[in-house]
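Me: I would like to learn how to read salt bridges in a model. Can we go through some together?

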Amino acid sequence: MTEGSSNKSLPGGRRSSSGKGEPCCRRSSSGKTKHGFCLFQQPPRKYRRPGEKNQNVPYNSSLYKRPYVESFEETPLLVAVLTYMGYGILTVFGYLRDFLRHWNIEKCHVAKERGEQKDFVPLYQDFENFYTRNLYMRIRDNWNRPICSVPGAKMDLVQRASPDYNWTFQHTGKVVKDVINMGSYNYLGFAENNGACAEASLQATHKYGVGVSSTRCEMGNLNIHEEMERLVARFLGVESAMAFGMGFATNSMNIPALTGKGCLILSDELNHASLVLGARLSGSTIRVFKHNNMQSLEKLLRDAIVHGQPRTHRPWKKILIVVEGIYSMEGSIVRLPEVIALKKRYKAYLYLDEAHSIGALGPSGRGVVDYFGLDPKDVDIMMGTFTKSFGAAGGYIGGKKDLIDYLRKHSHSALYATSMSPPVVQQIITSMKIIMGEDGTKLGADRLRQLSENTTYFRQRLREMGFIIYGNNDSPVVPLMLYMPAKIGAFGREMLKRNIGTVVVGFPATPIIESRARFCISAAHTRDMLDKALAAISEVGDLLQLKYSRRGHSLSSSLGWPSDESLLQD
């Protein structure tokens, strides 16, 4: 990216003409700061009981209008040791099987180099594929299951079997009916084949067809595209917005249009792969701060201003903070009031990805900004997707009109991608109007309330059962910790036997000792569905010994750990 384009993308200057940064924060022996101050100072350490992960870093409570409660219980030591041992045993057996494959004792299903190409640059890296062929293949049947119905609160799955230990699958011709769907991001229940959204999309299909066969800037700009963008801007409370056909590309193709060489991106360590890819493609310098840790972010901001760019020490052209609303693997909510306070103090820009939070948080479903009662104008770039709460596809970016006008001319997604399908656009318009209450009903408000109630109920019951779950109390993303590699596949299979569809996640998508099952709560779930899912989780949890929580009653008593009361007395 040229210097000129990177300066145009976000209007306004960044630094003083002198190029000098603000003085660094120093602490005297009396505890007072000299030469300026830090917004978020680390207070003296307080007692915390063993087993609690210090993820809830003390925050500036004056910035919050509502309680902020998140839980990240630390991995029990014995479980961590057994998890490492499990991966070690699997690795040893993996090398043994590779040895057998090398000598054709065991059949090798993996693609490999031909003998006549041995002197060429290798296309396949054996070591990089080691995890895939020796660990992932053991539990591959838990993913990519074919669905043959609407993936709503319930779904039908095509039954399949593998004759060669998950290398290939064959359909048996049978269908598993009425599986309770606890894995889709169908937060407000708009993934359905009947109702107002389905009817409106059908009418749009009759009027416009399914495909547009052109880009927006050529012959693919329909009136409903512009109607949708105006509605999105009004929904978000910003000046303007534009939509894209793919949520992943909304991040990966637009961040390079906003920053370039000489710019600095400060990225949360748990940001989505699309944000990471976009930051890398931009050519900007990237620095990572600890997840939701404001002391870590402020230190990077201060260092960036004081020291400037490497070698030259010139001021950064732009500093862009990139965060998510809800982190989809942790279930945590960004500390947005604190991030905005830092952004304002250090004159940085803020890019907020609301893929999981838009529609799922806030009294009116307007995402994490609405959840904290903040002003949308304080967020420079508001990004989100239509794939989750709206039951559609694509993504959007909202902000000032100058920003959106710039992206229409410089974004690769805007210039080269085919326009969004008309029935998908209509699905977005109709569902968004329902959420806003512009359809003349209370359906949107009822679904928002139902989602909140379901989330609170599900999280509370899991804690009472003794499971370790991560995330914010208000997050509809609920990770339940499994830890050990053998329990990843076993949990998914046992839950499906009980007609519950779940998503299980392991390394490298998570840290090696933090494998988990991830549940996504929906407004379409009835209390009976949640109770059936909870009963199945409890049964499988007892079977696999998953109730690790020291707050609970299972592992603490069996391993002889002291109770919470004795810890507090000590």
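Me: Is Asp-528 buried, partly exposed or exposed?

Reply: Keep in mind that this model is predicted. Asp-528 has 46% relative accessibility, so it counts as partly exposed.

Me: Which residue does the side chain of Asp-528 meet in a salt bridge?

Reply: Its partner is Lys-532, at 3.5 Å from N to O. Lys-532 is also partly exposed, with a relative accessible area of 45%. Both sit in helix H17 (residues 527-544). They are 4 residues apart there, so about one helical turn separates them.

Me: How many salt bridges does a search of the whole structure find?

Reply: The search finds 28. One of them pairs Glu-438 with Arg-234, with the closest N and O atoms 2.4 Å apart. Glu-438 is in the loop between helix H14 (422-436) and helix H15 (443-465), while Arg-234 is in helix H5 (residues 223-236), so the bridge ties together parts 204 residues apart in sequence. Glu-438 is partly exposed at 39%, and Arg-234 is partly exposed at 46%.

Me: Are Lys-343 and Asp-380 buried or exposed?

Reply: Both are buried. They form a salt bridge, and their closest N and O atoms are 3.5 Å apart. Lys-343 belongs to helix H10 (residues 336-345). Asp-380 lies in the loop between helix H11 (368-372) and strand S11 (381-385). The pair links distant parts of the chain, 37 residues apart.

Key:
Residues are numbered from 1 along each chain as its sequence is written. This is a predicted model: local features need pLDDT of at least 70, side-chain atom pairs count only at pLDDT 80 or more; totals for chains, interfaces and linings use all residues. Side-chain values use heavy atoms; hydrogens and water are left out. A salt bridge is a side-chain nitrogen of Lys or Arg within 4 Å of a carboxyl oxygen of Asp or Glu. Helices (H or I, at least four residues) and strands (E, at least two) are DSSP runs, numbered from the N terminus. Buried means under 20% relative accessible area, exposed over 50%, partly exposed in between (1.4 Å probe, protein chains only).
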